[in-house]
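The sequence and structure come first.

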Amino acid sequence: MLKIIICEDNINDCEELKQTLSHLLFDREEVTFECYEDGSELVEVMERGGHIWADLIFMDITMPRLDGMKTAHILRRNDVDSAIIFITARKDMVFQGYEVQAYAYLLKPVAVEKLEEILQSYLEKRRKVQGQFFLIKRQKRKEFILLNAIKYLMSDKRKIKAVVEYPCESIEFYMKMQEAEEVLKSAGFFRCHQSYLVNIHHVLYWDGNSIVMKGNEKIPVSRKYREEVNRKIESCSNL
């Protein structure tokens, strides 16, 4: 699942970009969109205690209340690490983007070929990282956890604990379980309980009530997820 934020004050340009992105990503990634008409709207979300999370943020630079460059600075100061792609008609603004680690720039009118090239580059880099590591944010810094080392994730409200095989420890960080599930499901992780996300590669067997992990840890299976767990485990011939 790819989440994209578009921050663009021109409603027609926003809708056109959304449709173009949907078309380009149709057979590559599932995608969801959030649209904002001004940078100030993004800042207001954070001021109300909300969290800005997206894989990609397409940011218009020229907006009436809070321009895209100032918005990007505020996002970075609040530890929003999404890849930012600036949309602008002004070539002179390009170099300012280095201060906020901009991923790319698109000059208006947006050329579909250039947009596709940027998307392809981003998706390739994203898959390389996701193929080996799980990216988390802990104590205001990014950390990478080796996917194969994660046995399972356990949630407690907004905090998640990753139980890893090596080194033998638990790593706590803040993320919604649903977000973690979307990121990790393609790597063999599946939900067996509202509070647990399990790595299939660390499962020994399940007895109908709980999943037995390597090391003989037992993970509960709720009634809601029993059919899904059964299908997942039966599809793995090595279990």
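F173 has a relative accessibility of 2% and so counts as buried (under 20% relative accessible area; exposed is over 50% and partly exposed in between, with a 1.4 Å probe and protein chains only). The model is predicted: local features need pLDDT of at least 70, side-chain atom pairs count only at pLDDT 80 or more, and totals for chains, interfaces and linings use all residues. Residues are numbered from 1 along each chain as its sequence is written, and side-chain values use heavy atoms, with hydrogens and water left out.

**Aromatic pairs**

- Rings of Phe, Tyr and Trp (its six-membered ring) pair if their centres lie within 6.5 Å; planes under 30 degrees apart are stacked, over 60 edge-to-face and the rest tilted.
- The count by this rule is 5 aromatic pairs.
- One of them is the stacked pair of F86 and Y105, at 5.7 Å centre to centre and 25 degrees between the planes.
- F86 belongs to strand β4 (residues 83–88) and Y105 to strand β5 (residues 104–107), 19 residues apart; strands are DSSP runs (E, at least two residues) numbered from the N terminus.
- Both F86 and Y105 are buried.
- The ring centres of F134 and F173 are 5.9 Å apart with planes at 75 degrees, so this pair is edge-to-face.
- F134 is in strand β6 (residues 133–138) and F173 in strand β10 (residues 169–174), so the pair ties together parts 39 residues apart in sequence.
- F134 is buried, at 1% relative accessible area.

**Surface**

- L146 lies in strand β7 and is partly exposed, with a relative accessible area of 33%.

Notes: Helix = DSSP H or I, 4+ residues; strand = E, 2+ residues; numbered from the N terminus.
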